[in-house]
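Biologist: I have not looked at this one before. Can you walk me through it?

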Amino acid sequence: MSDKKSESVNSFPLLPLRDVIIFPHMVVPLFVGREKSIAALEKAAKAGNELFLVTQKDASVLNPEREDVYDIGTVVSIIQMLRLPDNTVKVLIEGKYRARIDGFKCLDEGYFVDVVKCPDVLHSEVETEASMRSVKNIFEQYVKLNKRIPPELLMSISSINDPSRLADIIVAHLTMKIPEKQEILNATNVDTRLQLLLEKMQGEIEIINVEKRIRSRVKTQMEKSQKEYYLNEQMNAIQKELGNKDDKSDIGEMEEKLKAKLMPDDAREKTAKEIRKLKSMSPMSAEAAVVRNYVDWMLSLPWGEFSEDDNSVNKAREILDADHFGLNDVKERIVEYLAVRSLTKNDARGTLLCLAGPPGVGKTSIATSLATSLGRKFVRISLGGVRDEAEIRGHRRTYVGAMPGKIIQALKKAGTSNPVILLDEIDKMSSDFRGDPAAAMLEVLDPAQNKNFGDHYVECEYDLSKVMFIMTANDIGQIPGPLRDRMEMIHIAGYTPEEKMQIAKKYLLPKSVESHGLKDYPVLVADKTLSTVVMGYTREAGVRELERQMNTIARKIATEVVTEDVKEGRKFSITEKNLEKYLGPIKYEKNAREDQPQVGLVNGLAWTSVGGDMLNIEVVTVPGNGKIQVTGKLGEVMQESAKAAYSYVRSISGRLGVDHDWYNKNDIHIHVPDGATPKDGPSAGITLATALTSAIANIPVRQDVAMTGEISLRGRVLPIGGLKEKILAAKQAGITTVICPEKNRKDVAKIPDEIKSGIDIRCVSDAEEVLRIALNLSKPEEFMKTRALKVLASDDGLTEVAN
């Protein structure tokens, strides 16, 4: 027995292979780079040109041991060997027969093994012949499908009658993994080897057919020029054939986000339905992009996410006082709101405040301070020029480029469902054929309805009841009545000169110094100088122009610092003497009133969107035939007010001592200067009546008197609005007496004392009282009474008795 074993055991140098298996009958070139492998080649070249090749189980092992290589390999003969310049060896080998490792030696000069030849075993010639025919037929199909195998190989295969040789040659041309090929190499039974080969080839053919179906499916869905589209579709088709998807795909992430999102049931069901629809769509189709965009919006909205409020009243008051000077009504309302929230444990409904006032008084900035004091997110929505209802409610998804409305976009930007949203310039919205956005705002700003706000794009109700809406407007008359009814209106009047001076001193001047890089150059401006800037260089309700004047001073100083190389620490004092150097000559005179009483010239008071203003009204009479002319670009309401005033004056002309025939012999011209500026409103009624009376009766009007009030045909003085702004304008113009309606007495009480100081405010109910105060009379109390007796006596034929 030992003699038989010694005859079948042979010793060969060993060459471990990585990622390749050599079968008998194969002729293949190899590139050898490891030192021990090269040594094994040189040893074999000296001893019969034969060596043993076996594949490593792990290709990354550099110096394999016995357990790192398979048991069965191939004995090969060296046909040709060539050493390359990079110290590697190219060798051409031919496989001889299978052999099993019987002994393994690892020496310094290389690997050596004792191997035992593995003879081929045949059981049934009939079964082997059938297997050979099946292998040849299947291989023929494989060659037709696999274009990388030359068709000439089929001719040589068909002439092979040795089943072992047939299997070894075919398996060398198949694309299989190393363990699968090693399994066939290990099969010493030829029938088993052929059966394994059949199974592997049928599996490869099935894979090739699947790839062909994938390519065919993708090709029908793509355009020839869309290479990227083709690759994406091929990947999706492969995943579909494998029956699984990448867990880290976008759809998987969407499903995970949906599970973690605190959404209402209807919104969750809607989103889940859209995700299921997206799964079945081609990712490059237009509809898929629409659905994906919708799902992204639904998952990015802060459903049920609320920030924690800070209801500290004292902290809010400190922040508001630090950021804004004055505005006590607004601050008081905000403090009241916070006090209620602290008592109701944040259960208060969303608040709807509308800050109405002229530009530049701090309406927008106070909303920012409110959000800071509450600890809420702040988002500003500009409504100026918005004319499409879809800007508020969103577009329906059937439209290309559809998006949610501005409200939903603001919530996404804020990241919470209870932010402070500023609806800026709500009075500037307009409407056209696309709808009325003001009507769409009705639902947004109604606390009873906005809990179920519906956006056309989202298609699900969203709760806006926790949102704090703050609106700003310059002219509340431009806001539709139903929308205005939903707001809590807070009127912000213009600043007084004293307030402007304090704002410039505490806020504007330090801000300008810092923004112009003058922190190292102290800028000193006296209170008197600031007062001159306020009164002489600005005429506005707010402080924007005042801020520009502060910036102008800072720019002039910065230029002086740079051009004259001024050293750090130098102080710059701005006084009334050098103020003209920085701001130029005074733009507005301190007193805009006349110096002397004038006939037919009256100081009226008007309210504009930028604050109060003093309006001079002029009336002249000339000989003519009774024509009346009104100029100055007056609106319809103001023209009607002029007609009412004229009718009233004609009704009392007898008491003024004016003959009725006078009106047929003279023309009257009413003019309101600054003719390019549109003017409208009824509040100039008593002003027009006074000017007409003065011109017709030739009685001068006091230049230090200004007035406002609507007049009726019977001479009653009716209430008006904007009284604070009007009195402030009168104060700035140097007026000492202001006449206003008796029904506005309650508004006078609300005006700060610093505005009323130095002004005699007369509240009247009849136009006769106005005339007695405004006309320059020696005995005002007797005016119209004596002349009234003359008229009555004349009408009754008792002229001589009256005289």
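Biologist: What does the chain average in pLDDT?

Modeller: The average is 82, and 92% of the residues score at least 70. pLDDT is the predictor's confidence in each residue, from 0 to 100.

Biologist: Where does pLDDT stay under 50?

Modeller: Over residues 1-7 and over residues 787-803. The model has one contact beyond four places in sequence for residues 1-7, and 13 such contacts for residues 787-803; contact means heavy atoms within 4.5 Å. Where pLDDT is low, the predicted coordinates should not be read in detail.

Biologist: On to the sheet. What is the strand order?

Modeller: β8-β9-β12-β7-β13, an open sheet of five strands with parallel pairing. Strands are DSSP runs of E, at least two residues, and helices are runs of H or I, at least four, numbered from the N terminus. Two strands pair if DSSP finds at least two bridges between them.

Biologist: Which strands stand at the edges?

Modeller: β8 (378-382) and β13 (488-491); each has a single partner strand, so one side of each is left without a neighbour in the sheet. β8 pairs with β9 (residues 420-424) over five bridges, and Phe378 stands opposite Val420 in β9.

Biologist: What do the buried residues of α21 pack against?

Modeller: Their partners are α19 (497-515), β14 (523-525), α20 (527-537), β15 (572-574) and α22 (579-583). Among those buried are Leu546, Met550, Ile553 and Ile557, where buried means under 20% relative accessible area, exposed over 50% and partly exposed in between (1.4 Å probe, protein chains only).

Biologist: Last topic: how many disulfides?

Modeller: The count comes to zero, taking a disulfide as a pair of cysteine sulfur atoms within 2.5 Å. For Cys763, the closest cysteine sulfur is in Cys740, 3.6 Å away, too far for a bond. Cys763 is buried, with a relative accessible area of 16%.

Key. Residues are numbered from 1 along each chain as its sequence is written. This is a predicted model: local features need pLDDT of at least 70, side-chain atom pairs count only at pLDDT 80 or more; totals for chains, interfaces and linings use all residues. Side-chain values use heavy atoms; hydrogens and water are left out.
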